[in-house]
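Colleague: Hi! Could you walk me through this model when you have a minute?
Modeller: Happy to, here it is.

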Amino acid sequence: MFVAGEDHGRGILIDTTKLATPRVDTDRIRVAVGELLAAIGEDPLREGLRETPNRVAQSYSEFFAGLGVDPLEHLQDVVAIGSASGTAMAVPFTGLGDLVLLREIEFRSMCEHHLLPFVGVAHLAYRPKDRLVGLGRLARVVDTLAARPQLQERLTEQIADALETGLAPSGVFVMLEATHLCLAARGTRQARSTTVTTAARGSLREASARTEIIAMIGLPRG
Ligand code: ZN
């Protein structure tokens with residue numbers, strides 16, 4: 001019953017000419033990681049650590065690949081409602097017309113306070129006015145915004161803003177559930193606690209709409 005959209009045969013390839021050149025300076029990361037290892041009293045040149053600066057540089061390039069990339073790039077290829085044949089993307093939504101809901105988009109981001117990852121799932125809902133977009137594009141918006149030094153609250157708001165700007169829908173609702181390694185591994189070590197954040201725009205700010213969407217997010221899968 002949940003929306004299983006199409007990408008209308010366009011795939012989810014990105015026009016690489018529009019991608020910003022990577023800004024992550026891997027040489028500089030290598031030097032910094034060597035220095036960090038020395039600072040904790042390790043020998044950066046010992047066998048097991050020799051490749052570590054390289055590996056960290058590669059990982060960080062990936063973790064922060066969204067810096068300088070505009071998430072709206074992923075929402076340019078929208079489909080005007082009525083022009084797409086045979087695409088059933090919206091489900092009936094009591095009292096509010098149609099709703100597109102995509103549950104459990106996996107994401108990982110990096111907490112900017114501790115440079116430790118937080119990982120979880122995003123649930124995105126929007127109530128289209130005249131534009132739809134392939135569901136893969138929605139996941140790319142999440143990916144791009146998550147690949148920056150982040151706070152979960154801000155990431156949630158930025159995803160909602162991108163959907164609002166890119167799709168001009170009547171409403172947007174975003175919920176993120178994540179486990180933060182900085183909570184799980186340090187201090188009080190709350191390994192199993194999850195943080196839930198929400199952001200709503202337009203008609204989906206209404207309490208009744210939010211209640212209904214949260215109930216749909218919680219429905220059993222499959
Ligand atoms: Zn943190």
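Predicted model: local features only at pLDDT ≥ 70, side-chain atom pairs only at ≥ 80, totals over all residues.

Colleague: Good to know. How many helices and strands are in the chain?
Modeller: The chain has six helices and eight strands. Along the sequence they come in the pattern α-α-β-β-β-β-β-α-β-α-β-α-β-α.

Colleague: And how much of the chain is buried?
Modeller: Of the 222 residues, 37% are buried.

Colleague: On to the metal. Which residues are the protein donors of the zinc ion?
Modeller: They are Cys111 through SG, His114 through ND1 and Cys182 through SG, at 2.1 to 2.2 Å from the zinc ion. Their spacing along the chain reads C-x2-H-x67-C.

Colleague: Is Cys111 buried or exposed?
Modeller: Cys111 counts as buried, because its relative accessibility is 5%, and the cut-off for buried is under 20%.

Colleague: What about His114?
Modeller: His114 has 35% relative accessibility, so it counts as partly exposed.

Colleague: Switching topic: at what angle do H1 and H2 pack?
Modeller: Helix H1, residues 26-39, and helix H2, residues 52-63, pack at about 130°, and their axes are 8 Å apart. That angle makes the two helices oblique to each other. The crossing of H1 past H2 is right-handed.

Colleague: Which residues make the contact?
Modeller: On H1, they include Ile29, Val33 and Leu37. On H2, Val56, Ala57 and Tyr60 are among them. By class, the contact has seven nonpolar, five polar and one charged residues.

Note on methods. Residues numbered from 1 in each chain as written. Heavy atoms only, no water. Donors = N, O, S within 2.8 Å, 3.2 Å for Na, K, Ca; no water. Buried < 20%, exposed > 50% of the residue type's maximum accessible area, 1.4 Å probe, protein only. Axes fitted to C-alpha atoms, helices over the stretch in contact; angles between N-to-C directions. Helix = DSSP H or I, 4+ residues; strand = E, 2+ residues; numbered from the N terminus. Parallel < 35°, antiparallel > 145°, perpendicular 65-115°, else oblique. Left-handed = near helix turned anticlockwise from the far one by under 90°. Contact = heavy atoms within 4.5 Å. Nonpolar A, V, L, I, M, F, W, Y, C, P; charged D, E, K, R; others polar.
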